[in-house]
Amino acid sequence: MSVKAVVFDMDGVLFDTERLCMDSWLAVAEKQGIPDMEKFFPSCIGRNLTDTRVLFHEFYGDAFDYDVFRKQASMWFHEVIERKGVPVKPGVREILTFLKEGGYHIGLASSTSRPAVENHLERAGIRDYFQSLTTGDMVLHSKPFPDIYLMACGSMGEDPARTVAVEDSPNGIRSAYSAGMIPVMVPDLLAPDEEMREKSAVICGDLWEVTAFLEKRR
């Protein structure tokens, strides 16, 4: 079955912002004396703000001031973005150009809020490639639930079974797999385990390998 559309995750796939987010959380945690942040952070990758808040309170207790932590981490994160720009992953412009010239529908499904998504895409100069943006503030529960990917496919009028989802995180792969899509993993901070190998159609080392995979699925 040929592929007609591709939906990208953003953080960790298009931009090297997953690592930057981790650094911001670790910096604030060290400043505030919050323990075990390096162990806790991976569980939040791919989650939206609502689900992340729940995980924080489960791990650190109901008294944890999530809003203060999030505000300080966000300030740290955006100060770096303002100084250095959005760190674009290798091969992003090449794969987007390949898809556009090939007539694919191109979407984005990110657990990040829409204002931040729009800001990052505009800063990187790639906003116009995307016909559809589905963001974490548009769904109650984001990844690993399938809602965000089902909404992304619906907004493009595409069959999930003929749509590739490009993801870096386990939560993202679980989401795309549950939505009945073709999950393609490009690992970033977390190495794939047996579950990821089972649920991914292919695991690629970079976006150029994803392009090669798509060329075979025309």
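In strand 6, which residue is the bridge partner of Val-184? The partner is Val-202. This is a predicted model, in which local features need pLDDT of at least 70 and side-chain atom pairs count only at pLDDT 80 or more, while totals for chains, interfaces and linings use all residues. Residues are numbered from 1 along each chain as its sequence is written, and side-chain values use heavy atoms, with hydrogens and water left out.

Helices (H or I, at least four residues) and strands (E, at least two) are DSSP runs numbered from the N terminus. Strands pair if DSSP finds at least two bridges between them. Strand 5 (residues 182–185) runs parallel to strand 6 (residues 202–203), with two bridges joining them. Strand 5 is also parallel to strand 4 (residues 163–167), and here there are four bridges; Val-166 has Val-184 as its bridge partner in strand 5.

Ile-182 and Val-184 point one way from strand 5, Pro-183 and Met-185 the other way, and all are buried (under 20% relative accessible area, with exposed over 50% and partly exposed in between; 1.4 Å probe, protein chains only).

Strand 4, helix 8 (residues 170–178) and strand 5 form a right-handed β-α-β unit. Right-handed means that, with the strands pointing away from the viewer, the path from the first strand over the helix to the second runs clockwise. Strand 5, helix 9 (residues 194–199) and strand 6 make a right-handed unit as well.

Phe-8 touches residues including Leu-14, Phe-130 and Val-166, not counting residues up to four places away in sequence; contact means heavy atoms within 4.5 Å.
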